[in-house]
Amino acid sequence: MGFFSRWLKKSPVSVAQKFSESPVNISQVTQLPIDWFGAGVYEREAAVRTVIDHIARNIASMPFKVYTRQPDGDRVEDTTSPLAQLMAKPSVLPGMTRYRFFYSLLCDGLLNDRWLCLLDADKQSGRLWLRRIPVQNFTLSGNTLDEITGVQISTGQPEGSRYFKLPDPQILLDVGYSTSGIGGSPVSGTLAPLLAEAREMAEYRRAIAQNGGQIPAYISRPKEMPWPSQEAQDEFVQGMRNYKSGGNLAGGWPLLNDGMEIKTVDAFKPIDMQDIDARDRIRIDVANAFHIAPENLGFRSGTNSNIGAFKEQMWNVELMPYIVAFEQSLNLLLPDALGQPDAYIEANVDAKLRGTFSEQYQALSTATGRSFMTTNEARRILNYPKLDGGDELVTPLNVATGGQPSPQDGGRTQNAQQNNPVNGEGQ
């Protein structure tokens, strides 16, 4: 029996004790050279940050529940096992909530096409927790078939780093596709030429705004009207300079001498750069690179008729591959490592697709064929006190089991089947 198989047969307590015996302390990580494109692009590129925040925020805010498979095929939600506790609070670091922890992992994956965690245990309580390893602090190794065989994690300890031969029940890892090697292929790297062009355009626009003329016009003075003196000419030039931004007469209207005219120049205008259009096109290209509809990000305007379809598409089509990849990465290691092979982790996508409260209540009432909430349950939502007799489920007199599909039916289906007119209908 191999080491990995023997490890999986151990109890969560023994696993925690083993982790506590040889912890990896990376609290003092040294700064390593940054040589990949993903570093800095999150802070520097507004379009990339907007798209990544959109994906990571929506997925990290979803409930991740643990279920246990039953012998009859049913599943039961688990809220007390070590795996359920780990999903409820994956990190013990101060201020690191479940949302913030998953958000960080997702950003690592979106920016660098890889992320890594260590399954560790708290020395005092023995509670299992996950420790995120920044991308710049681990290096993957593989064979000639581009199969990952190990990972080197850099630390701030005297030993400098620690090597794990994979698979290892302490390493939780996800790496994307690469044409050669095992480091993944970040989307940010593919966008590098486009983003570089956008930065050059921004620098050009900034230079035009700083150095270009404030208005495309000049002041003309007839040549037959010479200046009476050099002092008068210098005084007029100095007065015009005061109208420049920052001058003491900025925003006023210049007083011209007799014979002077303001003549416009058919030259460069800011609108000629199509500044807003160019930026929108770059934002749209970035959104398309991450397979997100620009309408869901505000990069392109939608209409009242299609905005609902775009929202549904976001969860069912656009975000679903990211959700599935994250779920499978968690399920690949954690249930077996914690001694729960019959358990699995699932993101509750339905919580994001329920629609408004009125839509939810109408759908539930239609599905059950009757009222589904007691009076006191409804009053509790509004923070009202209980009423005597309000714990009974009220069923309208015109609703009978099997008589009509829902309380909203009003007897129309039953009367139609019996060919009885209702309110003059069917006559």
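This is a tutorial dialogue on reading selected features of a predicted model.

Student: What should I know about the model before reading it?

Tutor: Residues are numbered from 1 along each chain as its sequence is written, and side-chain values use heavy atoms, with hydrogens and water left out. Because this is a predicted model, local features need pLDDT of at least 70 and side-chain atom pairs count only at pLDDT 80 or more, while totals for chains, interfaces and linings use all residues.

Student: Let's start with charged pairs. How many salt bridges does the structure hold?

Tutor: Side chains of opposite charge can pair when their charged atoms come close. Here a salt bridge means a side-chain nitrogen of Lys or Arg within 4 Å of a carboxyl oxygen of Asp or Glu. The structure holds eight of them. One of these joins Glu 45 and Arg 199, with the closest N and O atoms 2.5 Å apart. Glu 45 lies in the loop between helix 3 (41-44) and helix 4 (46-60) and Arg 199 in helix 8 (residues 192-211), so the pair ties together parts that are 154 residues apart in sequence. Helices (H or I, at least four residues) and strands (E, at least two) are DSSP runs, numbered from the N terminus.

Student: Which residues are linked with Arg 199 in a network of salt bridges?

Tutor: The network links Arg 44, Glu 45 and Arg 199.

Student: What about a salt bridge inside one helix?

Tutor: Look at Asp 53 and Arg 49, whose closest N and O atoms are 3.7 Å apart. They are four residues apart in helix 4, so about one helical turn separates them. Asp 53 is buried at 15% relative accessibility, and Arg 49 is partly exposed at 36%.

Student: Next, sheets. In what order do the three strands of the open sheet stand?

Tutor: Strands of a sheet pair through backbone hydrogen bonds, either parallel or antiparallel. Two strands count as paired if DSSP finds at least two bridges between them. In this open sheet the order is 2-1-11, and the pairing is antiparallel. Strand 2 and strand 11 are the edge strands, each pairing on one side only. Four bridges join strand 1 (residues 64-69) to strand 2, and Val 66 stands opposite Asp 78 there. Strand 1 and strand 11 pair over five bridges, with Thr 68 opposite Ala 343.

Student: Which residues touch the most other members of the largest nonpolar core?

Tutor: A nonpolar core is a set of buried Ala, Val, Leu, Ile, Met, Phe, Trp, Tyr and Cys residues joined through side-chain atoms within 4.5 Å. The largest has 57 residues, and Val 51, Phe 64, Val 286, Phe 290 and Leu 334 touch the most other members. Contact means heavy atoms within 4.5 Å. Leaving aside neighbours within four places in sequence, the contacts of Val 51 include Val 286, Phe 290 and Leu 297. A second, separate core of 13 residues includes Phe 138, Leu 140, Ile 153 and Ile 171.

Student: Finally, which peptide bond is cis, and where is Asp 146?

Tutor: Most residues other than glycine have a negative phi, and most peptide bonds are trans. The bond joining Leu 166 and Pro 167 is cis, with omega about 5 degrees. Pro 167 sits in the loop between strand 7 (161-165) and strand 8 (171-175). Asp 146 is not a glycine, yet has a positive phi of about 60 degrees. Its place is in the loop between strand 5 (138-142) and strand 6 (148-154). Asp 113 also has a positive phi, near 65 degrees, and lies in the loop between helix 6 (98-112) and strand 3 (114-121).

Notes:
Buried means under 20% relative accessible area, exposed over 50%, partly exposed in between (1.4 Å probe, protein chains only).
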